[in-house]
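Please keep the sequence and the 3D view at hand while reading.

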Amino acid sequence: MRVAGFSVLLAGALASQTAAQSLRDGAATGAKAQSARTTARDVLYAPAPAWVIAPPSATDAPLPPGAPLRVIYSDTQARITAGVQEEYQAWRMKLLSPEGLAAGNIAITWSPANEEMIVHRLVIIRGGQTIDVIGAQKFAVIQRENDLEQSMLYGDLTATLQAAGLQVGDELEFAATKRRRGVVPVDAADGFQQFPMIGIRGAYRLRVLADKNVPVAYRSTGDLPEPVVRDLGDQTERLYLLTDPASATLPEQAPVRYLINRLVQFSGYADWQTLSRGFADSYTQAAALAPNSPIRAEAQRIAAETSDPARRVEAALRLVQDRIRYVYVGLDGGNYRPANADETWSRKFGDCKGKTALLIALLREMGIAAEPVLVASKGGDGINERLPTPAMFDHVVVRATVNGAPVWLDGTRLGDRTLAALEAPLSRWVLPLRADGAALEALVFPAPRLPNRIEVVDIDASAGFDQPGRYRIQQTLRGDEIYGVRAQLAGVAASDADKMLTAYWRQQYPAVEASRTSWRFDEDNRLLVLGLEGEGKVDWEGDAKGGHTHYLFGGGFPPPSELKRPKDQPQDVPYANDYPAFSCYATTVKVPPAGKGFRWSYSAKPMDRTLGGIAYWRISLFDGQVARMVKSRRVVAPEISAAEAAALNAAISGFDNNKSYVWEVAGKGGTVAADATSRFGSFADFAGAAPPCQSQVGTVTAAAAN
């Protein structure tokens, strides 16, 4: 799913300063009749509509030295009538340096399915004279699919123009309107504007003009001035003005919802239930199958193979993931409306909407309850604080009920084979789509079950301090990205795959000369295993006179960083963690015989504690010849409170950040025995379904002999 927006895209210096002013609408869907489509694909030229008022007055605040341009004004005006939303945007800039000349590279984007673009004005103002740019130049229309390599087809059009003759000292002024028609399922007024977050001098305005017979709600963040509201008879005007803003003060390391500032939103949806009802009907229609649909036969085949509802759901999910390739389809208003299940099956490709409709059709044919649910793939923090709008969500999945329990199914993923391995989407808020409507639902994020990455290193250094060691290294990787890696490795000859892996390992371990590389993909456990065998230098510190020391790879924990904010930032705001990060390291070192007069000792204190929403765990063992260590860092909470951050700060001084190491010490001493409950795991264990990377494994007691 994609939010189409009205933005004037300016390259270079202007892009970073003014593009954020664009009014982004979250409801650009639907299809126009073919008779209107020709016009919609062209840029139209006409005077500004009569409802537009004069721009805000310029300010004379001083600019910082070296500023590339001055924003004289940036003006957005929206007019909302029944079924139509017009969005007028205008700006005027004074270009003060060569960097500011990038403002002359102008691009406008719209969706021809239900939008038309009308340019009113593009002029250069120089020495009191006005030069009409569009009198001599016209916008060139192109259909540019920016994300085609990600299998995404939007269908948007982009028109570009390079203003000829632009010079430093000129002023450039532009104005255009995008007119959008609402079409089911997105047929309500909907939009928002982000005022500048950094201190750019100038006048910034948002004006919303709405017919009184069109219900519209408004919400703005508390750091913006109150709007001026006027009754214009059959319309109501709201005007937000911000002049010469200073940079906004944002709390560092805060969750996303605390970083939303200077935002105005308006919405024609009465509540989330209304939005849910409106979207549910399109999925009901898309999941309806023709009497002779081949999908019915697929459902019958699955039902004949097993009577277990869980196995049926697994088979249906596998069918959609494996047989229907992912292609995002936003053409002709398809960015919110799902394709029909039979159509998706016939063409063998679809996006999240089409795959969801297909999966629901399959499950319902087998009597399994299932519903579409909108989710936010980037976390969705703060959705509950916004007005109802589909723009808050960018993905849709299926929630099925199996043996009375909810199961989350994502047809756009690959390799989901068992329901037991499936997890809820990482979206704080979701919206089920139901005929009778549904409210927002909050999802609780659990602690991650499996590491994203496991690194296992085995070093045989028994040949001696001055001899190369024999290395065996293994990486176990999880996540959607592994499918791209598998495609690269499987798509070339074995010798070429070996070259690719050798180059990769050389970057990871420059001191190890590879003698053998390997890779395998575990379909059942959805993981990729990369392997390396070779020889290389073992890092020994010290010498024969004072003894040798070796620090185990990955054997220590860096202490947590102190969580503090500058005094001008709010101190009671939570801190965000890098959830759901989960890494695991296992290292084994076989040491050479100790030098004359020395014996081996080992330092690697066990750890099993949670601090600041992060679980630290380590076990270790040394039997006099082989040192072993396993550790993991698992982020168990997406965020922590300010009080928890204060507790973390107080505990940093006592945090064990010592590395694990073996070293030669003079004198006699005993050996260290393992706790019988310890399981350090083999290479196969760490590449299996239940790697020994968490505290449930058991903790070894002190493992140093002095």
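Helices (H or I, at least four residues) and strands (E, at least two) are DSSP runs that are numbered from the N terminus. The model is a predicted one, in which local features need pLDDT of at least 70 and side-chain atom pairs count only at pLDDT 80 or more, while totals for chains, interfaces and linings use all residues. Residues are numbered from 1 along each chain as its sequence is written, and side-chain values use heavy atoms, with hydrogens and water left out.

Arg 257 lies in the loop between β17 (235-243) and β18 (263-267), and it counts as buried because its relative accessible area is 17%. Its side chain makes a polar contact with the side chain of Asp 381 at 3.0 Å; such a contact is a pair of N or O atoms within 3.5 Å, and within protein one must be able to donate a hydrogen and the other to accept it, while residues adjacent in sequence count only if both atoms are side-chain atoms. Leaving aside neighbours within four places in sequence, Arg 257 is in contact (heavy atoms within 4.5 Å) with Asp 381, Gly 382, Glu 385, Arg 428, Pro 574 and Glu 639.

## Other loop residues

Ser 97 is found in the loop between β5 (84-95) and β6 (105-110), and its relative accessibility of 11% makes it buried. Apart from neighbours within four places in sequence, Ser 97 is in contact with Pro 68 and Val 168; the C-alpha atoms of Ser 97 and Pro 68, which are 29 residues apart along the chain, are separated by 4.9 Å.

The peptide bond from Tyr 579 to Pro 580 is cis, with omega near 5°, and Pro 580 belongs to the loop between β33 (575-576) and β34 (582-590).

## Aromatic pairs

Rings of Phe, Tyr and Trp (its six-membered ring) pair if their centres lie within 6.5 Å, and planes under 30 degrees apart count as stacked, over 60 as edge-to-face and the rest as tilted. By this rule the count is 19 aromatic pairs. The rings of Trp 91 and Phe 174 have centres 5.8 Å apart and planes at 35°, so this pair is tilted. Because Trp 91 lies in strand β5 and Phe 174 in strand β12 (residues 171-181), the pair ties together parts that are 83 residues apart in sequence. Trp 91 is buried, at a relative accessible area of 4%, and Phe 174 is buried at 0% relative accessibility.

Trp 272 and Phe 393 form an edge-to-face aromatic pair, with 5.9 Å from centre to centre and 75° between the planes. This pair links distant parts of the chain, 121 residues apart, with Trp 272 in helix α4 (residues 272-287) and Phe 393 in the loop between β22 (370-375) and β23 (395-402).

Note on methods. Buried means under 20% relative accessible area, exposed over 50%, partly exposed in between (1.4 Å probe, protein chains only).
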